[in-house]
Amino acid sequence: MSTTYVVLGISALMFGATAVLALAWALRKGQLENFQRGATSIFDADEPVGRPTDFFPGGRPR
Amino acid sequence: MSLEPATTPADAARARLEMVERIRMNRERIAIDASTRLPVLAFFGSSVFWLIVGSVFALLASVKLHSPHFLDAQSWLTFGRVRPVHLNIVAYGWAAMAGVGALLWLMARLTRAELQYPRVLLVSCAIWNFAVAGGVIAILAGYSNSIEYLEFPAWVPPLLTVAYALVGLWTMIMFRDRREHHVYVSQWYLIAAAFWFPWLYTAVNMLLVIHPVLGVTQGTITWWYGHNVLGLWFTPIGLATVYYLLPKVLGRPIHSYYLSIVGFWSLALFYNWAGAHHLVGGPIPAWLVTTSVVGSMMMLIPVATTAINHHFTMVGNFRRLKYSPTLRFIVFGAMCYTLVSVQGSLESMRSINVPTHFTHFVVAHAHLGLYGFFSMVMFGGIYYIMPRLTGWEWASARLIQVHFWGTAAGIIIYFVPLTWGGLMQGLMLVNPKVAFIDIVKYTIPYLWIRTGSGILMTGGHTAFAVLFVMNLLHLGEKRDEPMLLAEPDEIEAGAEEPMLVGVGGEGI
């Protein structure tokens, strides 16, 4: 049984380790700089900030 | 973008440049959406089918709790089989398959990369459906292995693993092919889900189903899985959907992007430790439980960041709930997320766990999480995604209203009375002076209410399924208003006219 706990413990640690590695990657790549640009990265010229994109059928303003 | 008449040649040139850019982005978005069409529709279609089947089994199981002789003549319709069938269908059939549909579409949108070889994912979808259907029949026939959340017999997990692994692989391929430099917070959640879950599922099935470990260790592993399947699979996909669609529907960036990033990384670091709080008072090492209680309380950090963010993004926009079906569902879901998570952290504490564990309180909590939060967010996501894939607007605003009010009222009527009844049940259970049969009788009215709420939710699901099929088959009124897809006139104009040359000619 103790072997299982060790396996479980290692698995849990490895889950944490992947998170730490990914965080290190994000820091290195500058993903955590300029939050304003990050927040607006899902908008573009076609669907800009300020334009709602979902309406009930028949309810979209023309 | 300005549509005002241009005053100077420079303004005119700028307006044309903006138009060109807009048309280019519009084309790109339509191509990206189209690349995901086949697999996403296959996964959504399957999920809606399983939602209906799962609802039927939910009602059966619920009725049997207050009327035990209802349909009890056949062994395959007994509670011990119907209940795990309900759980496995809604978890692996409805929720997970809807989640994969949303995941694939969101990843393509966020990476701005077209999905490559989408047909391979149809294989994943087919294997998935076969595995769930086979597993369900096996449980009904009495081959359940009676491990909660993992009742499917041993031949099912390898199939599901292949199906998950394909989805995970395709997610990584989209990430590799990404053309958007910034990894948006939703993308972090999706990558986490796609990467962690196949790993978790494989590891746990190896230890519990393929080569089962012995004794109480089984319980530890079961709840490590049972909790992580919510935290490392459903929660990330649900939150990714909210973090993308909430700003997108409103046309307003998330209130504090910084907080959303803090939220993701704290979830990534803490959630995995919380599973053993399901075993408070159980025969496992006390440090394991204590660690998970600490992990559970730490989860208040990501929950608080998410709650603050969602609320302040919505502030000033609550009237928009009237106009957008997607927004209604995801805001309802996000509110349930906050509620269920705070409740979950509190439940992990020993003093609260003692009266609430092994009562209907926990059942209500689980439904608030997987239904109030995850399922409602998925409904919202499907309302947004489907028309963009089928090129067809939803057939009826009224049916959407029926769906929303049926499910929203249903889950509230499910949660509130059952939570109260469960708490009372627990307080009586820890009181040795109360006879057990009195406690059983006390809970019966609450179980009737639960069946009533189940009928409401199933009614909502039926409206949803009708809408889904109508959309898929392009039934209903064709709307002539400029739909969600594009402004077709401008697109065609862009195709005929080499606009970039024209702009260059004006000396930009």
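The model is predicted: local features need pLDDT of at least 70, side-chain atom pairs count only at pLDDT 80 or more, and totals for chains, interfaces and linings use all residues. Residues are numbered from 1 along each chain, chains are lettered from A in the order written, and side-chain values use heavy atoms, without hydrogens and water.

**Exercise 1. Describe the interface of chains A and B.**

Step 1. Count residues in contact (heavy atoms within 4.5 Å). Chain A brings 45 residues and chain B brings 72.

Step 2. Take the buried area, the accessible area (1.4 Å probe) that two parts lose on being put together, summed over both. The two chains bury about 5200 Å², with 65% of it on carbon and sulfur atoms. In chain A, A:F15, A:D54 and A:F56 lose the most area to chain B, together 16% of what that side buries.

Step 3. Look for salt bridges (a side-chain nitrogen of Lys or Arg within 4 Å of a carboxyl oxygen of Asp or Glu). There are 5 between chain A and chain B. One pairs B:R29 with A:E47, with the closest N and O atoms 3.4 Å apart.

Step 4. Assign the chain A side to helices (DSSP runs of H or I, at least four residues). α1 (2-28) and α2 (35-39) of chain A each supply at least two residues. The largest share, 16 residues, comes from α1(A).

**Exercise 2. Compare B:R112, B:F358 and B:S256: is each buried or exposed?**

Step 1. B:R112 lies in the loop between α3 and α4 (118-140) of chain B. Its phi is positive, about 55°, although it is not a glycine. B:R112 counts as buried because its relative accessibility is 12%.

Step 2. B:F358 sits in the loop between α12 (350-356) and α13 (360-390) of chain B. Its phi is also positive, about 65°. At 68% relative accessibility, B:F358 counts as exposed.

Step 3. B:S256 is in the loop between α7 (217-250) and α8 (257-270) of chain B. At 16%, B:S256 counts as buried. A polar atom of its side chain lies 3.1 Å from the backbone nitrogen of B:L259.

Key
Buried < 20%, exposed > 50% of the residue type's maximum accessible area, 1.4 Å probe, protein only. Polar contact = N/O pair within 3.5 Å; in protein donor to acceptor, adjacent residues only side chain to side chain.
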